[in-house]
Amino acid sequence: MTTVAESAVKRLLTSETTASLRTRYEGSNICTWIGFKHINYLVEEAILCHFADADLPARALYAEHGLGVDIVDLDTRILHALYMDETVQARVVPTAGDDDSFLSFTVALHADRDGEDTKVVAANAKVVLRSDSYVEAAGEPPAELARFVTGRLSTPGAVAPEPPELTGADLTAVTTSLSAGRGTSGPDPVLDLLTSGKNAFGWKWRIPYPYCHFSERLQMSSYLRQMEEVVDLFLADRGISVKTLLDERRWIPACPHSRIQILDEALMEEDLYTVYTVENVFKDFTYTSRMDCYVVRDGKLVPTATGKVTHGYALIENRRDWNLITFDERVSKALRGES
């Protein structure tokens, strides 16, 4: 049985760490504001830095012990905007209990705002160590980390959606190894079942290898990309695409809160069925939605992830400033699925 230093595990589980991180240029899509996906990337990077500071970096855990570091639950609130070329201080605090089967952390990102140290992002994350079974058998995990090791990804305590039965559906096109092209939001028997009777939008998409890690499975950062893209497709389907409202009104979607929980593993080149459902429009100012992801295995729908996201709209005042606004009738009806 391989071992790791008890002192390293103690630091991982009890020591607070701070890392200086810089926003990524790629995440600045509208003016110089950083989108929610890349803000979550900073949270993920802070957690990986915490592992490294404890002398348990992700690469060594995988290469030496066959353990993949996987975030399975990521809940993030954006308190203030983040910008291009900005450096934040990421404070990571371990929160796992003595009997927990997962590692957990709070992550706070701090930035300078008018000379004041200000918390701009607050997040909670759960992490498991996935035992490798693809390249070679990992063997027994180090005893000091064994309680956090799993043979299959899931979020402890998460509630999975109850998928409909596929009995009677024509699965000829969906049980092949590859979907036609990169995906569809058009007619599809599985999407029809998943969206029937709901204020929802469905998207079928073949999982490509750049969205996977450890040779086989979809990772948390890719579910963030999935959440961002399904919102983009949903808005276009409702006639209020991002570009449409940018061109007509200088309105952009603003996301103060997101959460994603992995329920099971989704594998490279499987077809992922993503359903985006608007659950509540609050005073025509924000709306909350649910994202549920599935794959079809052995003729059944298997939930692989579930998430929540809150959006509003911001009016771009100039290249530096924006303000949150109230939805008008056109946008409100589109979100509610009304003609």
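These legends describe close-up views of a predicted model. Because the model is predicted, local features need pLDDT of at least 70 and side-chain atom pairs count only at pLDDT 80 or more, while totals for chains, interfaces and linings use all residues. Residues are numbered from 1 along each chain as its sequence is written, and side-chain values use heavy atoms, with hydrogens and water left out.

**View 1. Arg24 and Glu45 form a salt bridge.** The N to O distance between the two side chains is 3.7 Å. A salt bridge is a side-chain nitrogen of Lys or Arg within 4 Å of a carboxyl oxygen of Asp or Glu. By this rule the model has 24 salt bridges. Glu45 belongs to helix α2 (residues 36–53) and Arg24 to the loop between β1 (17–22) and β2 (28–30), so the pair ties together parts that are 21 residues apart in sequence. Helices (H or I, at least four residues) and strands (E, at least two) are DSSP runs, numbered from the N terminus. Glu45 is partly exposed, because its relative accessibility is 28%. Arg24 is also partly exposed, at 37%. Buried means under 20% relative accessible area, exposed over 50%, and partly exposed in between (1.4 Å probe, protein chains only).

**View 2. Asp70 and Arg217 pair in a salt bridge.** Their closest N and O atoms are 3.0 Å apart. Arg217 sits in strand β12 (residues 217–218) and Asp70 in strand β4 (residues 67–78), so the bridge ties together parts that are 147 residues apart in sequence. Arg217 has 1% relative accessibility and therefore counts as buried. Asp70 is buried as well, with a relative accessible area of 1%. Both residues belong to a network of salt bridges that also links Arg130, Arg152, Glu216, Asp264 and Glu265. Side chains of opposite charge can pair when their charged atoms come close.

**View 3. Glu248 and Arg330 join two helices.** A salt bridge connects the side chains, with 2.7 Å between the closest N and O atoms. The pair links distant parts of the chain, 82 residues apart: Arg330 is in helix α7 (residues 329–336) and Glu248 in helix α6 (residues 242–249). Arg330 is partly exposed, because its relative accessibility is 35%.

**View 4. A patch of negative charge lies on the surface.** Asp112, Asp114, Glu116 and Asp117 gather here. Patches are made of residues with over 30% relative accessible area and no salt bridge; like charges are joined within 9 Å, and nonpolar side chains (Val, Leu, Ile, Met, Phe, Trp, Tyr) within 5 Å. Lys and Arg count as positive and Asp and Glu as negative; His and the chain ends are not counted. The place of a charge is taken as NZ of Lys, CZ of Arg, CG of Asp or CD of Glu. Accessible areas come from the Shrake-Rupley method with a 1.4 Å probe, and for residues only the protein chains shown count as cover. Asp114 occupies the loop between β6 (103–113) and β7 (116–131). Asp114 counts as exposed, because its relative accessibility is 84%.

**View 5. Asn40 is buried in helix α2.** Its relative accessibility is 2%. Leaving aside neighbours within four places in sequence, Asn40 is in contact (heavy atoms within 4.5 Å) with Leu74, Thr76, Leu224 and Ser258.

**View 6. Asp232 lies in helix α5 (residues 220–237).** Asp232 is partly exposed, with a relative accessible area of 38%. Met220 is 12 residues away along the chain, and the two C-alpha atoms are separated by 19 Å.

**View 7. Glu269 and Lys283 each have a positive phi.** Most residues other than glycine have a negative phi. Glu269 is not a glycine, yet its phi is about 70°. Glu269 lies in the loop between β13 (251–262) and β14 (271–282). Its relative accessibility is 37%, so Glu269 counts as partly exposed. Lys283, also not a glycine, has a phi of about 50°. Lys283 is in the loop between β14 and β15 (286–297). At 67% relative accessibility, Lys283 is exposed.

**View 8. Phe285 is found in the loop between β14 and β15.** Phe285 is partly exposed, with a relative accessible area of 34%. Not counting residues up to four places away in sequence, Phe285 touches His311, Gly312, Tyr313, Leu324, Ile325, Thr326 and Phe327. Arg59 is 226 residues from Phe285 in sequence and 44 Å from Phe285 in space, C-alpha to C-alpha.
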